[in-house]
Amino acid sequence: MVFILIIAFLLSLILGKLLLPLLRRLKIGQVVRDDGPKEHLKKAGTPTMGGIIFIIPVVGCALYFTKGDMLTAVACIVILLSGAIGFIDDLLKIRRHNKDGLKPMLKTFCFIAVSLAYAIYVVYFTEIGSDIVIPFTDSLQTFHIPGWIYVIFIVFFYNAVINAVNFTDGVDGLCGSVTCMIFVFFALASHIIFKNDDMTYISLALCGSLLAYLIYNVHPAKVMMGDTGSLALGGAVALVSINLRIPWIILIAGIIYVIEILSSVIQVLHYKRTKKRVFLMAPIHHHFELLHWSENKIVLVFTAVSFAGGIAAYFML
């Protein structure tokens, strides 16, 4: 268990050293939103697509340590496809020199296609089926949902999670730190409670790789994960929770994701109705930036909240 954490960390650390000069040479630079905080304009040109730093080691370690387990292989395919959608999105933004990547409808179609294929496989071709663990039951009792309903749920769930994680990627080190805490929870829960070594390996590989990535991404960031990274992480969070039969746990362990996306929804709906804003800027991490919180302070506080959410989630199982 410790070995995979160390190997994933070292592989990501080395890949980061090799990738950064290449990204600079190819001028793969971040395109910054002109409607975001003005302080972010100085980040324009910072190497992006840094998600590659942790995606490749995670997939490699997971496949190697699980000895090609079919469910793990499918999980890795979902992570790769999610990251690939983000990669294309990032590439289009860079080529066009603006924030417009894939068209929203096309991106949504891609998400639905990936999640639908994964949902059908999990529900009808694995022992996971359409059962969900009931919280606060010591024997991990499950509640059965009709297969077709659960397939639809997984599609909506995947799309919600992947967008929520993407929303969280707006401050140096924020998405990586918050997501690392969530995979610490998944690693402990899958190993101690569920006795699921395959999901433990994926979770530990993600923890190790994200820790190495954060060395390059803490403020001031040397590289951004881009949609390549955030969408891959969203896919990973969704599939691990589904594979452990605890999708509802994201409401607790992923509390920051929930707050981030809710803040944006509340802001849009309230502004449409009243022409007034609830927050200075949404998602909520920008609100705190405009209250003059440093990026490091935001990351520290949000990570602490994620850690607390992970503890609360663990004791609900």
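Student: What pattern does the chain follow, read along the sequence?

Tutor: Written in order, the pattern is α-α-α-α-β-β-α-α-α-α-α-α-α-α. That makes twelve helices and two strands. Helices here are DSSP runs of H or I with at least four residues, strands are runs of E with at least two, and both are numbered from the N terminus. Before we go on, note that this is a predicted model, where local features need pLDDT of at least 70 and side-chain atom pairs count only at pLDDT 80 or more, while totals for chains, interfaces and linings use all residues. Residues are numbered from 1 along each chain as its sequence is written, and side-chain values use heavy atoms, with hydrogens and water left out.

Student: How do you know that the chain agrees with a compact globule?

Tutor: We use the radius of gyration, taken over C-alpha atoms, and a globule rule of 2.2 Å times the number of residues to the power 0.38. For 317 residues the rule gives a value near 20 Å, and the chain has 19 Å, so the two agree. The C-alpha atoms fill a box of roughly 50 × 50 × 35 Å along the principal axes.

Student: Why is Thr 303 called buried?

Tutor: Buried means under 20% relative accessible area, exposed means over 50%, and partly exposed lies in between, with a 1.4 Å probe and protein chains only. Thr 303 has 16%, so Thr 303 counts as buried. You will find Thr 303 in helix H12, residues 295-314. Leaving out residues up to four places away in sequence, Thr 303 touches Ser 177, Val 178 and Met 181; a contact means heavy atoms within 4.5 Å.

Student: How do you know what span helix H8 should have?

Tutor: The expected span is 1.5 Å times one less than the number of residues. For the 18 residues of H8, residues 226-243, that gives 26 Å, and the end C-alpha atoms are 26 Å apart, so the values agree.

Student: What makes H8 largely enclosed by the rest of the structure?

Tutor: Of its 18 residues, 18 are buried, so H8 is largely enclosed. After H8 comes Arg 245, with a positive phi near 65°.

Student: Which helices do the buried residues of H2 pack against?

Tutor: They pack against helix H1 (2-25), helix H3 (70-96), helix H7 (197-217) and H8. The buried residues of H2 include Ile 53, Phe 54, Pro 57 and Cys 61. H2 itself, residues 52-65, reaches 20 Å from its first C-alpha to its last, close to the 20 Å expected.

Student: Why is Cys 61 too far from Cys 76 for a bond?

Tutor: A disulfide is a pair of cysteine sulfur atoms within 2.5 Å. The closest cysteine sulfur to that of Cys 61 is in Cys 76, at 9.9 Å, so that pair is too far apart for a bond. Cys 207 is in no disulfide either, with the sulfur of Cys 180 nearest at 4.6 Å. A search of the whole structure finds zero disulfides.

Student: What makes Cys 207 count as buried?

Tutor: Its relative accessibility is 5%, so Cys 207 falls within the buried class.

Student: Which residues have the most contacts inside the largest nonpolar core?

Tutor: They are Phe 185, Phe 186, Ile 246 and Ile 249, in a core of 94 residues. A nonpolar core is a set of buried Ala, Val, Leu, Ile, Met, Phe, Trp, Tyr and Cys residues joined through side-chain atoms within 4.5 Å.
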